[in-house]
Amino acid sequence: MLEELYQKIIQRDPSQPEFHQAVQEVLESLEVVLEKHPEYRSARIPERIVEPERVIMFRVPWVKDNGEIMVNRGFRIEMNSAIGPYKGGLRFHPSVNLGILKFLAFEQVFKNALTTIPMGGGKGGSDFDPKGKSDLEVMRFCQSFMSELFRHIGPNTDIPAGDIGVGGREIGFLFGQYKKLRNEWTGVLTGKGREYGGSRIRPEATGYGAVYFGEEMLKTRGDSYDGKICLVSGSGNVAQYATQKIAELGGKVVTLSDSSGCIYDEEGIDAEKLAFVMDLKNNRRGRISEYADKYPGAVYTAVDESLGYNPLWAYKADCAFPSATQNEINAKDAQTMVNNGVILVSEGANMPTVPEGVNIFIDNKILYGPGKAANAGGVATSGLEMAQNAIFSSWSRKEVDNKLHNIMISIHKQAYDAAEYYGSPGNYVLGANAAGFRKVADAMLAQGVV
Ligand code: NDP
């Protein structure tokens, strides 16, 4: 029955391969869950959960500094609101299309359920590329984007946040326009600046969370980060704070990347070098190749599509934290990592490993934390930001970090226990899918056919 459903999804939306990929993984995990819970089957929960509650697509016209008129496409996928208002980030990247956002929104539903905070799933964004644009161009784009989006969102309806290409600068412009149009101050976006309702630790949360999740996985084998060599990909928000937390917990990060190439620094990326990367990426908006100019001990390798693998994953290491984008680890990369002795993969990015790669990790008993569990710390802390906004209060750094840490421990436990319960101990993919699905499915059952 699930194979039939999968084929139907492919036929209905043939041009959405990333969505098919995300759905296939969940449907595979659900076989064992549905065996134990036939009530989900008869209520057609699988058929209902793969269909977005609502999809919004809109024109985003804006004007460049030189007067040229540009037109981008905006999206918001409101996937599932069974357990709370739609919640999920906005991605601004030229690769954005409906299929990619549907995959992200679908993953978000299960991820949000695992956080233990009542949040439904959504995702949105645009094919706008912030790279190379002036601050004023980014502002005009964000204002135009929000001029349509504002009528669909609200603090109890749909609460967007950041993702690739949407950081503090973009959230500020989006929030300003929402406030102007609605004439009200509400916590309608998360990831806000601290001075206007943002939560402490929100910028750090996804990276820190992926490292905390990895720590829990290591603990199941009596191990820790102490002395571990770690590969991190990306050099944006998630990569930066994963690097910081790994170093704090005794590991050594030796790689970072961007869409142009990767750097390898055998000596490790310490606090001073990370501060350079943060200034480079967050303020100067430069390329990671500049790291190797600044630190001559480091090696830069430019992207070469013809290689068929990503050289970043070929460096010898113990742990890996993919933190750039989807499908950045192919089967060859996964096999190389296993051959090189990698014991842990904790995904900061969403769906960074292709299905064959995931199978290689699982078959080789790698501690493999899939994104929907390992990177849930970001949205969990967004949930904490919503709570602080709702009570007009703000919590200390330590308070939020403690809550985040406990949430990651709880997510790990839910995924670990569910994997065991459904007969595949140590399989965090099955565990996360099953545990997240059951919460949403139970809420959908209780609410009838809506
Ligand atoms: P940023 O925009 O801050 O950073 C993204 C990084 O990934 C940049 O270094 C970017 O390089 C690189 N990158 C983006 N696209 C590609 C590509 N197609 N090929 C190679 N490199 C690429 O985004 P985030 O750090 O916020 O997001 C990274 C990942 O983490 C994404 O998968 C996102 O969905 C996921 N995530 C983020 C959360 C958050 O709270 N921010 C929460 C949960 C998951 P360049 O500068 O060249 O574009």
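Reader: What radius of gyration does the protein chain have, and how does that value stand against the one for a compact globule?

Author: With 450 residues, a compact globule would have a radius of gyration near 22 Å, where the radius is taken over C-alpha atoms and the globule rule is 2.2 Å times the number of residues to the power 0.38. This is a predicted model, in which local features need pLDDT of at least 70, side-chain atom pairs count only at pLDDT 80 or more, and totals for chains, interfaces and linings use all residues. Residues are numbered from 1 along each chain as its sequence is written. The value for the protein chain agrees with the globule, being 21 Å.

Reader: Into which domains is the protein chain divided, and how far apart do their C-alpha centres lie?

Author: The division gives domain 1 (2–184) and domain 2 (205–374), with bounds that come from an automatic or database domain assignment. Between the C-alpha centres of domain 1 and domain 2 the distance is 25 Å.

Reader: Which element gives the most to the side of domain 1 that touches domain 2?

Author: The contact, for which C-beta atoms placed from the backbone must lie within 7 Å, takes twelve residues from domain 1 and nine residues from domain 2. On the side of domain 1, the elements that give two or more residues are α2 (17–36) and α5 (98–114), helices being DSSP runs of H or I with at least four residues, and strands runs of E with at least two, numbered from the N terminus. With six residues, the element that gives the most is α5.

Reader: Is Ala-373 buried or exposed?

Author: Ala-373 lies in helix α14 (residues 371–374), and, leaving out residues up to four places away in sequence, Ala-373 touches Leu-114, Phe-213, Ile-411, Ala-415, Tyr-428 and Ala-432. A residue is buried if 20 or more other C-beta atoms, placed from the backbone, lie within 10 Å of its own, exposed if 12 or fewer do, and partly exposed in between. Because Ala-373 has 31 other C-beta atoms within 10 Å, Ala-373 is buried.

Terms used. Contact = placed C-beta atoms within 7 Å.
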